[in-house]
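Here are some notes for your review. Please keep the model open while reading.

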Amino acid sequence: VPAGGFVDVWWKYTPTNPGVVQGIKIDANNQAFNGPTITLDGALPRTDNPYSYTNLAQGSHTVATTVPSGLSASHAICVNCTNSPGSTFTPGSSVSVSVPAGGFVDVWWKYQ
């Protein structure tokens, strides 16, 4: 430390083997649907489509969407998949997912 001065020390914490939550928003015809906001753990709002949250600690995270007036939302989840989560969508605008270390979770949202 210099005489009469100070030194700032900054720490950056990065999860070991960070994970990812990613997904898309589609309409009843399986076409891209823009507008609704996606949040992770009640924060970090995203309106982009597709969306992505990176550098996440492994474990439980809550992914949620706003739902436009007159529509309902459902979601499909796939962990470490190399293709789409499939056609089975579960009703609801919020879901808890378990992010694997170094892996990813796809959360697709459907609005109809």
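How many aromatic pairs does the rule give? The count comes to two, where rings of Phe, Tyr and Trp (its six-membered ring) pair if their centres lie within 6.5 Å. This is a predicted model: local features need pLDDT of at least 70, side-chain atom pairs count only at pLDDT 80 or more, and totals for chains, interfaces and linings use all residues. Residues are numbered from 1 along each chain as its sequence is written, and side-chain values use heavy atoms, with hydrogens and water left out.

1. Y51 and Y53 form an edge-to-face pair, 6.2 Å centre to centre with 65° between the planes. Planes under 30 degrees apart count as stacked, over 60 as edge-to-face and the rest as tilted. Both Y51 and Y53 are buried (under 20% relative accessible area, 1.4 Å probe, protein chains only).

2. The charged end of K110 sits over the ring of F89, 5.1 Å from its centre. The rule wants NZ of Lys or CZ of Arg within 6 Å of the ring centre and within 35 degrees of the ring normal.

3. Four strands form an open antiparallel sheet in the order β4-β3-β6-β9. Strands are DSSP runs (E, at least two residues) numbered from the N terminus, and two of them pair if DSSP finds at least two bridges between them. β4 (43-46) and β9 (94-99) are the edges: each has a single partner strand, so one side of each lacks a neighbour in the sheet. Three bridges join β3 (residues 38-40) to β6 (residues 59-65). I38 stands opposite T65 in β6.

4. C78 and C81 form a disulfide with sulfur atoms 1.2 Å apart (cut-off: within 2.5 Å). The search of the whole structure finds one disulfide. The C78 and C81 link is left-handed, at -65° about the S-S bond. Both C78 and C81 are buried.

Key:
Buried means under 20% relative accessible area, exposed over 50%, partly exposed in between (1.4 Å probe, protein chains only).
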